[in-house]
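Please open the structure in your viewer and keep the selection tool at hand. The stops below say what to select next and what is there.

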Amino acid sequence: MSQYIDGFVIPMPAANLAAYIKLSRQAGKVWREYGALNYFEYVGDDLDVPHGKPFGKLARTKEGESVVFSYISYKSRKHRDQVNAKVMKDPRILAMCADSSALFDPKRMSYGGFKSIVNV
């Protein structure tokens with residue numbers, strides 16, 4: 001089976017991380033309820049790397065910010081589209097989207113859908 005993911009990179013003020021984690025746990029439950037296979041959120045820990053473009057530079061973090069890297073996995077792009085159509089109508093998610101704008105700047109978030117090319 002070829003899986004599909006939605007991936008996110010979010011510059012996150014460190015002061016808002018605890019509130020974001022709480023919101024994210026609730027969001028993950030909603031996505032899973034509608035059929036997402038997995039819901040993962042990670043915060044930057046080792047971002048000062050000597051090679052490539054560090055996530056902090058990619059996300060253009062400011063003083064006091066880190067990077068949250070997230071992904072949600074699905075069976076396929078079709079499955080993703082079906083799950084997200086339901087999630088985006090859920091009143092819990094609509095409320096969370098309004099709340100999240102106080103935690104981070106959604107205009108600075110990077111997002112995209114990715115199809116699997118290697119699964120070892």
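Helices (H or I, at least four residues) and strands (E, at least two) are DSSP runs, and they are numbered from the N terminus. This is a predicted model, in which local features need pLDDT of at least 70 and side-chain atom pairs count only at pLDDT 80 or more, while totals for chains, interfaces and linings use all residues. Residues are numbered from 1 along each chain as its sequence is written, and side-chain values use heavy atoms, with hydrogens and water left out.

**A loop residue to begin with**

Select Arg60, which is found in the loop between helix H2 (55-58) and strand E3. Its phi is near 55°, a positive value in a residue other than glycine. Most residues other than glycine have a negative phi. Arg60 counts as exposed, at 68% relative accessibility; here buried means under 20% relative accessible area, exposed over 50%, and partly exposed in between (1.4 Å probe, protein chains only).

**The paired strands**

Next, select strand E3 (65-74), which is mostly covered, since eight of its 10 residues are buried. Two strands pair if DSSP finds at least two bridges between them. Strands E1 and E3 pair in the antiparallel sense over 10 bridges, and strand E2 (residues 38-43) pairs with E3, also in the antiparallel sense, over six bridges. Now pick out Val68 in E3, which is the bridge partner of Ile10 and also the bridge partner of Val43.

**The nonpolar core**

Which residues have the most contacts inside the largest nonpolar core? They are Ile10, Tyr20, Trp31 and Ile93, in a core of 18 residues. A nonpolar core is a set of buried Ala, Val, Leu, Ile, Met, Phe, Trp, Tyr and Cys residues joined through side-chain atoms within 4.5 Å. To see where this core comes from, colour strand E1 (4-13), helix H1 (17-33), strand E3, helix H3 (77-87) and helix H4 (91-100), each of which supplies at least two of its residues. Helix H1 gives the most to this core, with five residues.

Then centre the view on Ile93 and, leaving aside its neighbours within four places in sequence, look for Ala27, Val30, Trp31, Val87 and Met88, with which Ile93 is in contact (contact means heavy atoms within 4.5 Å).

**The salt bridges**

Side chains of opposite charge can pair when their charged atoms come close. A salt bridge is a side-chain nitrogen of Lys or Arg within 4 Å of a carboxyl oxygen of Asp or Glu, and a search of the whole structure finds five of them.

Select Arg80 together with Asp6, which form a salt bridge with the closest N and O atoms 2.6 Å apart. Arg80 lies in helix H3 and Asp6 in strand E1, so this pair ties together parts that are 74 residues apart in sequence. Arg80 is buried, with a relative accessible area of 9%, and Asp6 also counts as buried, at 1% relative accessibility.

Move on to Glu65 and Arg108, whose side chains meet in a salt bridge (2.9 Å, N to O). This pair links distant parts of the chain, with Glu65 in strand E3 and Arg108 in the loop between H4 and strand E4 (110-115), 43 residues apart. Glu65 is buried, with a relative accessible area of 19%, whereas Arg108 is partly exposed, at 22%.

**A glycine in strand E4**

Select Gly112, which is found in strand E4 and is buried, with a relative accessible area of 15%. Leaving aside its neighbours within four places in sequence, Gly112 is in contact with Ile5, Asp6 and Gly7.

**The largest pocket**

Finally, show Phe8, Trp31, Cys97, Phe104 and Met109, which lie nearest the centre of the largest pocket, among its 25 lining residues. A pocket is found on a 1 Å grid over the protein atoms alone, as an open set of points where a 1.4 Å probe fits, with protein on both sides within 12 Å along at least five of seven lines, and lining residues have an atom within 4 Å of a point. Helix H1 gives the most to this lining, with five residues.
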